[in-house]
Every structure is written in C-alpha cells, then in structure tokens.
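This report walks through one protein model, from overall make-up to single residues. Please keep the viewer open while reading.

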Amino acid sequence: MLINKLRPHAAHCFILFILMVLTLSGGAFGQARYTISGTVKDSTNGETLIGASILSKEAKTGTATNSYGFYSITLPVGQYRIEFTSVGYSTIVKNIDLKANLQIDVDLPSKVQSLQEVKIVDKSVGGANARNIEMSVNRLDIKTIQKLPALLGEVDIVKSLQFLPGVSQVGEGSSGFNVRGGSVGQNLVLLDEAPVYNSSHMLGFFSVFNPDAVKDVKLYKGAIPSQFGGRTSAVLDVRLKEGNMKKTEVEGGVGFIFSRLSVQGPLVKDKSSFLIAARRSYIDAVASAVTGDKFGLNFYDVTLKSNYIINDKNRVYLSGFLGRDNFGLSDDAKFNWGNKSATLRWNSLITNKLFSNVSAIFSEYNYNLAFNQDANNQYAWHSSIANYVIKPDFSYFISARSEIKFGFEGSYYRFNPSNTKGITNGEPVDNSLERKYALEMAAYASHQWQVTPRLEIQYGFRFSRFNYLGPGTAATYNDTIPGKRRTVVREKHYERGQTIASYQNPEPRFSLKFGIDDQKSVKASYSRTAQYVQFISNTTASNPLNVWTPSTNNLKPTVADQYTLGYFMTIGTTGMYEASVETFYKKSVNEVDYINGAELLSNKYLEGDLLSGKGRAYGLELYLQKKKGDLTGWVSYTLSRSELKIEGINKGNWYAARFDQTHNLKVVGSYTINPQWSATADFVYTTGTPTTYPNQRIVSQGYLIPYNSNESRNDIRVSSYHRLDLSIRMEGNPLRRNGVPRKNRDYWVFSIYNVYGRKNTFSEYFLQSTQRVTANTPLQADAHRVAIIGTMVPSVSYNFKF
C-alpha cells in the first residue's frame, strides 16, 4: 500500500525533474556529441580507482570516476587529448578522434610516492579543494592514517578522523566520534554500504575497520548528497578493497595488543578476485600467562570480499564483515557484543551514459550479558538491532558539465530491545520485551551542473517515509510535570503489518561553488536530514549497552537543517599549501534527552523517561595544510557550540550537549629524514566536556547521597584535554644487497602515545568524604576524577607485505 501511494507522485516528480534538467543543461540538444566511458584501474592489482580525473584541455572540461571507478564524458565531434590522472599514479594521455561512442578502460601505473606527501586529499590533483564543488568533505588516504601516531602502535581509521576540523570525541574509552555538535548515534557509518551501529572495539579504543582491507574513507560533515539519509549529523563512507586481480598478496602486522593478516589475489586472473582480512587481540592470553588468572578481554574481526566481472558491462561484488568483543573476568560473568553485515552489489553499464548499482544489504548489531551465581540463580540478556536494505542507484551523465543521480532505498528494521531470561531461586523468570518493527523508504534525485566555468551548482531532493509497524503494543502517556517520569494511561495492541505511527519528510539539498580564480573559491550549502532511528544514551560516552529505538507514536523523528559557508584557496602555483575557512549553523527539532534517574535498559516504558526538544550547533572551522616538501602536515582549529533546549531540563533554558567542546585544536607534522626514516608528531587540545554536579543531598542512615535535580544540566566542565604523540617509522630496505628489488616490503613503527603522561579527565563522580572534623560536622562529599589513560604509552609494531 505504501509503495502504491508513493509510486505515482514519485514518478511524476521524477519525469518533471529530468525534463527540467535536460532543458537547463542543454545536454540533449545541439551539435553531434558522443560519449567516452569506461573504468580506471590500478595497473598493478586491478583495483578500480575512486576520484581519478579525466581531463580534456581542448574542451576545457573534465570529470572524475565514481565510487566504482566508472567515468563518462560527452564531447562534440572532434580530436582530443584525454588525460587520465590520479594521486600517486602516472598520467596516461590518449589521442582520440571522436566520431562515435567509445568505451576506453585505462590502467594507471603506480609511481613511487614520496613519504613526505600528506594525503588527506580531494577528488582531483592540485588545488582540488578550491576547484570542486564539495565542501565539508574529507577523504582520507590509508597511507596518511598509517603514519599517524596511534595508541599501542595500532592504525585506526576512526581515531584518525578526529584530527580533522569539526570532528571530536569526548575522551579515551568512548566509542565513535562526534561531528559538528552531533551525537555518536547521529552519524551514518557505512562499510561497503552496510550500516555499522557500533564502530568500536575494546570500549572505544580501536575501530572495527581493518586498515589492510580498506580502500577509501570519505567523511561528509555537511552538504550531504541526496543518496544518503537516515542520520542528521554526518556520513562516514568506508569502501573495501576489491582484491588483487593480478597476483596473490599477503599483508599484516604484529603489535602489542593484536595481530592482523590479510590475503588477496585472483580467483580467475583479470576476471575475479578475493580478499580475506582478519584481526585478533591477545591481551587475554598475555594477561593470563603473566597472572595465572583467567582474563576474558579480547576482540576479533574478519572482513571478506569477492567480485566477478561478468562482461565489460556487468560486475558483481559480495562483501561481508563479522566482529566480536568479549569481556569477562570469569565463566560466571560474561559480556560480549559485535557487528555482522553482508552486501551484494551489481554494477551495470546500461548505456554509455547510464550507470547503475543495485545493492542488497544486511546489517546487525547485538550484545549479550550473562551472570551465573549457581544452578538456581542465573541471568541472560540479549539485545539487537537488524535491518535489511534494498537500494537501486543510478547515475546519468548528460555531458561533461551535467550529471544526474537518482535512486530508491527501502530499509526494514527489526529491534529486539531485551530478551531477558533467568532463574531466581530455582524459578524460571522471563522479563523479555516485545520486538519492534519499522519500514523506512526514500526516493532521491540530484543534479550537478557546471553553469559557467566559474559557477557550479548541485541541487537535489530526498523524500523519506517511515512506518512504525506491528505486531506490538503502543502506549499513551499522560502529560505530567515537565522533567518527571510520565505514566501510561492506556495501551493498544496492533497486529502484524499494521501501521502504529508514520512520518514523512521532504529533504532538500543544495550546494554552490563560485570560483574567484583557479586557486580561490567561495562555497555554500544547505541540507535537511531526517533521522527515524534514535540512539538513546545517558552516559558521558557511548558504550555497547546504549539503546537503539525507532520513532514511535510518542517519539518523533529528529529533523535537522544545516547551513554552511566556506572560503577555499590553494597557496602557491605548485599547490604547496591549501587552506579553508568554513562556518556552519545547524538547527534541529525533536532532539531526545532523558529525565534524571531514567531507566534505559530493559524498560518496557522507556518513552516515559524520555523528553524531546530543540537543538542547535554552530561554529567556525579553520584548516591549513602543507602538502609538499620534507616537512608536511596540517593545523585544524574548531570554535563551536552544541546546545539543547528541552522543557523539563535546566528550567527550560538552553544547555550544553554532553559532547560540546568550545575549542578544538589539532596539529599534525610529518618529517622525512631520508627514504627509510620518517617521524610524525601530533598534538591535541580541546575544551573539557560538560558535566553535571550534584545540587541536592539526602542523608539516610548515616550515609550521604548526592544527586541532581532537573534544574541544571551540563553547567560545569571537566578540565581541558591535551595530549602529545610521537612516532618514528623505519622502512625496510627496498633493495637486496646485489641491488635487485625485494619482492616483500616491511616497516617498523615506534610510537609514544601521551608523551608527557597527561591524566585527562574522562568523568567525575562524588562520594561521601571519609574525613569529619567533629561528630557534629555535616557530612561532606568529595569529587573524584576518572582518567582512562594517565601515563605515557610506548609501543612497537612490525608490518609486512609480500
């Protein structure tokens, strides 16, 4: 029924949209024009290249490959010199006499990349951040991530994101990351298009992404394209390698905490390939060997991918991920959590201008708790969120100056908030909660159009609809005093497939770039995003037990509008420096927070403990990068605020979100000593995160119990956070003694995390003081600070590839 309602309106709107685009761009009319299309790959391994540039100086135009390495450029009849370029690869030039449509696949040879090139890069070479329309977007290269000093020497993608402007984290031991004042749960994290609901291992110290398997990392902080939806803060798009089509490769590393190993190679040369990458920590084995006691803290993950080229127009991919964390000090108390996902994709070149990708996706996150006192007293708790996604996506290349993207997305959710069973005094107990179900659907279209050589625009639209479905019971709550727990006044049961509540939202997107000259530009963007799946947390940092819940008849979807304005420039004719200044303002409605004393876990009436209101975030981001020379690096500074206003909290006034950081300074520098030795240092300074101190006290049976009323929230800040890290990288000699190149490459990384041993405050709590002047002196409470890492952490890791 829902599809039938959407189909006629979506079809009519789409036809009108296409006609308008063709009329405005003039791409379908005029003199004879033909299309050159194909795929750009790495000649050494057959990997498709994302963001490779295809340029025609005669036509003074160009394009770039998409996420699957495909390009299409339409030009008038004539003779052209087409240049194919990509960062780290040699340029290939092809002379073309264009008289008909051509398919040209290009294999770019890799060139020796100097160690001093810092690679937080944009889509094209040299001054790209000023020339392309993208803003509030960063693309990270794995080689850069590998050079950054890391905790215990282990390369980490999510931690590396925090060195970018507008990105932060509340401290060590916290999962995920925050972008422009948004919560961790407001980021859409994708691994080969599959949603990842918890991106961390070991309570936030490491991410779930194995760097040996990752091909490309792209973070959208604003100006989010219309093909992405479902979150209101940011999109992290992580793409996996496809597997070497030419030869078998083995890559890995050994560190203090875990080891990793990946194998990739052809199944059928130049036709099909595979990738298998695995990691496993062994802190449990080391601790048990040293202490003799059982220590059950470990994690593992396995990443798989395979692809098959059916013909020159069709290709299929299959990728999967399985990761798990285990925590338990004995067989009687266990806690584990993990992600699993699978993505099946079909790429098809329908015509030389129309490219399609159809994806079928499964993703699940779950966690388990188990306690066994004895045979008569046991407890087991399981919770999960799973979704199934179908997403056909299309790109239509009208001309070199005009491209349309459109598609549809359907996502079915299954929530299992609490499957809780146990035995108490020999009697079975079942406190499980009902499962919840939901269906989210969206249609989207966008048009990127270079109006003049200096003016480029991208406008799009996404229409989303969400249905909260039965079977299930919906509760209606009374309106009590703001800030107090609401009580249920009635309940109604719904049968399977019945709609309990539904929402729909138009989500317009718009971006504009005006080039002042080839090295300077001004950009602006606006985007509206809607989030129907809420992330509920009442802790300082997100943790594996945080709750995901759908929008319901009581919990409305969060809707955010973000405005950005930026100035971008390349300094020097050689592109030695790049700089940018961006400002942003984001306002949102239906932001969720909780009453004091809220029960978030295994609570049938969770919605009675939640409150909704408005949010706002605004700030300034400064970024300066030195890209060439022996000394390279970047400086980023963010000045921002993130606030909430919810009736019943803080007397109804604005208050700081718990992840708000006013000042955020990051400095990264890398120095190449010689071809084998390089050193990298980074420094981080951030304002302390907000917290709430007790403002009330109760004395019961001689014990002091401090607590806080809803009159204030996050009105105090913990001490500022700052840290210095250092690392030295030693490359193995690429030549044998006789001068013959070695087939295998290896390197050592020596690093120090938190060089001066700063005890950064993670959280604060209050306990009754143990000291009293006299027996009649009132009881007092002492503040206690918790620092997750309060000392210098040295490490060594060995990495290899052959």
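## Elements and overall make-up

Helices and strands here are DSSP runs, numbered from the N terminus; a helix needs at least four residues and a strand at least two. The model is predicted.

By that count, the chain holds five helices and 52 strands. It has 802 residues, and buried ones make up 54% of them. Take the contacts with a separation of 6 or more: 65% are between residues 24 or more positions apart.

Strand S5 covers residues 78-85 and runs antiparallel to S6. Seven bridges join the two. In one of them, Gly78 has Leu98 of S6 as its partner.

## The largest nonpolar core

In soluble globular proteins, nonpolar side chains tend to be buried together. In this model, the largest nonpolar core has 27 residues. Leu161, Phe177, Phe209, Leu219 and Leu236 have the most contacts inside it. Six elements each supply at least two residues of this core: helix H3 (142-147), helix H4 (157-161), strand S13 (187-191), strand S17 (214-220), strand S18 (234-240) and strand S21 (272-281). S18 gives the most, with four residues. Domain 2 (115-238) and domain 3 (239-758 + 787-801) both contribute residues, so the core lies between them.

What does Leu236 touch, not counting residues up to four places away in sequence? Its contacts are Leu161, Phe177, Leu188, Val189, Leu190, Phe209, Val217, Lys218 and Leu219.

## Aromatic pairs

The structure holds 25 aromatic pairs. One joins Tyr413 and Phe415: the ring centres are 5.8 Å apart and the planes lie at 20°. Planes under 30 degrees apart count as stacked, so this pair is stacked. Tyr413 and Phe415 are both buried.

Elsewhere, ring pairs link several residues into a cluster. Its members are Trp748, Phe750, Tyr798, Phe800 and Phe802.

## Two residues around strand S43

Thr689 sits in the loop between strand S43 (677-686) and strand S44 (690-691). Is Thr689 buried or exposed? Its relative accessibility is 4%. The cut-off for buried is under 20%, so Thr689 counts as buried. Leaving aside neighbours within four places in sequence, Thr689 is in contact with Val170, Arg658, Asp660, Gln661, Ile716, Arg717 and Val718.

Ala681 lies in strand S43 itself. Its relative accessible area is 26%. That value falls between the 20% and 50% limits, so Ala681 is partly exposed. Again not counting residues up to four places away, Ala681 touches Pro149, Val667, Val668, Gly669, Asp725 and Leu726. Tyr671 is 10 residues from Ala681 along the chain, and their C-alpha atoms are separated by 8.9 Å.

Terms used:
Residues are numbered from 1 along each chain as its sequence is written. This is a predicted model: local features need pLDDT of at least 70, side-chain atom pairs count only at pLDDT 80 or more; totals for chains, interfaces and linings use all residues. Side-chain values use heavy atoms; hydrogens and water are left out. Two strands pair if DSSP finds at least two bridges between them. A nonpolar core is a set of buried Ala, Val, Leu, Ile, Met, Phe, Trp, Tyr and Cys residues joined through side-chain atoms within 4.5 Å. Buried means under 20% relative accessible area, exposed over 50%, partly exposed in between (1.4 Å probe, protein chains only). Domain bounds come from an automatic or database domain assignment. Contact means heavy atoms within 4.5 Å. Rings of Phe, Tyr and Trp (its six-membered ring) pair if their centres lie within 6.5 Å; planes under 30 degrees apart count as stacked, over 60 as edge-to-face and the rest as tilted.
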